[in-house]
Amino acid sequence: AKLKVSPGISFGKIAETAFNQGLKELATMVLEHEPRANDQVSLLLNMEQEERALRKAVESRDADLIMSVVLHMLKRLPGQSAAEAPEDPEKNPDGAAAQTQFFKVLEQYPQVLRHLVAYYEGFGLDPIKSAGRNATMALKRIYYELKKKKVAAKIKVIESYYKPEWKQRIRMLENAQELYKTSDPFASAATKTQARLLQIQRKCEIDFKVSFVDLSINQTLAKLIKYGHTDRASRLRKEFQVPEKRFCHIQVKTLAKEQDWSGLAALASTRRAPSIGYEPFIEACIENKAITEAVKYISKLSYSNEKMEWFCSIHCYGEAAEVAHADRNLDALRQISSRAKTKPIVKARIDDMIKELTGR
């Protein structure tokens with residue numbers, strides 16, 4: 001009480017003196033009156049009272065002070081430095097208990113965990129680089145200790161894609177799948193599917209001597225179609241339950257890009273009408289500057305107005321006029337004629353059609 005009324009007195013210095021004299025309990029009591037959080041925390045750390053120091057840092061709401069305490073605690077873990085990730089307990093059994101206690105303390109302070117996660121994420125999750133590798137290991141360890149399996153699995157998935165060897169990647173994806181099982185069944189199924197796709201892609205590389213690994217399912221299908229392995233693509237489509245219409249779109253775009261017009265025609269004629277209609281065929285032909293091919297599919301459209309609009313969009317005014325003339329559609333003929341001004345010969349022919357229908 002006497003100390004409280006003494007102006008300018010440093011409770012931190014008094015506590016430090018008491019601690020140096022072996023009066024640890026007295027030092028702790030005096031330190032409670034120190035108004036400066038930095039001084040409080042610094043001495044508490046020197047007194048090896050990390051948990052109390054962390055509580056004081058959290059109460060101060062000073063992010064830098066909080067992190068300084070956490071990093072100090074990390075550094076004191078067996079075989080550990082502040083810049084490194086917490087070690088795998090299997091590699092250092094002696095430090096396992098200390099690490100578990102460390103994470104139990106942190107679990108009481110969600111805001112501290114957020115700071116620690118942000119600290120490690122700041123290094124980037126690139127396991128190829130030393131800092132990124134340590135950060136990735138640290139985050140995995142944090143989430144493992146806190147039983148946050150979903151986030152730990154996500155990090156494993158990210159880490160797997162930095163593995164140059166496909167078998168290592170599959171192994172990590174399988175580990176992630178196990179972690180996802182109880183936390184996110186959908187992600188577990190998706191991860192299992194991705195591992196399976198990776199195995200199939202590797203098999204395709206062996207069979208066809210072309211790279212497939214790291215492609216999406218759509219890209220894998222497209223590449224198989226590009227190299228003429230349609231049967232393998234069809235089996236892959238069924239296994240991965242790719243919708244028939246999406247598969248048809250992939251086929252159309254790939255065949256058109258490869259200028260395989262006979263293959264595209266064969267696809268269009270496999271049934272009475274393609275499940276996706278003829279417009280994707282038209283669009284793919286136009287995109288690849290194959291106007292003559294586009295005309296073939298425009299002619300297959302069911303409705304006259306669609307035919308005329310598509311023909312006019314590619315400046316095939318004569319073909320559009322033929323459709324209008326067959327329907328005896330004077331209004332359409334006049335509109336087509338007005339759009340064909342840049343083609344005088346075609347326009348003259350259209351105007352003759354108009355005269356024929358009007359009797360003039």
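This note comments on the cysteines and salt bridges of a predicted model.

1. Cysteines. The structure contains zero disulfides. For Cys316, the closest cysteine sulfur belongs to Cys312 and lies 9.1 Å away, which is too far for a bond, given that a disulfide requires sulfur atoms within 2.5 Å. Cys316 is buried, at 12% relative accessibility. Cys204 is buried as well, with a relative accessible area of 0%.

2. Salt bridges overall. The model has twelve salt bridges. Among them are links that join Lys203, Asp207 and Arg232 in a network.

3. Lys150 and Asp184. These residues form a salt bridge whose closest N and O atoms are 3.4 Å apart. Lys150 belongs to helix 9 (residues 149-160), while Asp184 sits in the loop between helix 10 (166-183) and helix 11 (185-208), so the bridge ties together parts 34 residues apart in sequence. Lys150 is partly exposed at 44% relative accessibility, whereas Asp184 is buried at 17%.

4. Glu322 and Arg349. A salt bridge joins these two side chains, with an N to O distance of 3.3 Å. Because Glu322 lies in helix 19 (residues 317-326) and Arg349 in helix 21 (residues 344-358), the pair ties together parts that are 27 residues apart in sequence. Glu322 is partly exposed, at 41% relative accessibility; Arg349 is also partly exposed, at 39%.

5. Arg334 and Asp331. Here the salt bridge has an N to O distance of 3.9 Å. Both residues lie in helix 20 (residues 330-339), three residues apart, or about one turn of the helix. Arg334 is partly exposed, with a relative accessible area of 42%, and Asp331 is exposed at 53%.

Notes:
Residues are numbered from 1 along each chain as its sequence is written. This is a predicted model: local features need pLDDT of at least 70, side-chain atom pairs count only at pLDDT 80 or more; totals for chains, interfaces and linings use all residues. Side-chain values use heavy atoms; hydrogens and water are left out. Buried means under 20% relative accessible area, exposed over 50%, partly exposed in between (1.4 Å probe, protein chains only). A salt bridge is a side-chain nitrogen of Lys or Arg within 4 Å of a carboxyl oxygen of Asp or Glu. Helices (H or I, at least four residues) and strands (E, at least two) are DSSP runs, numbered from the N terminus.
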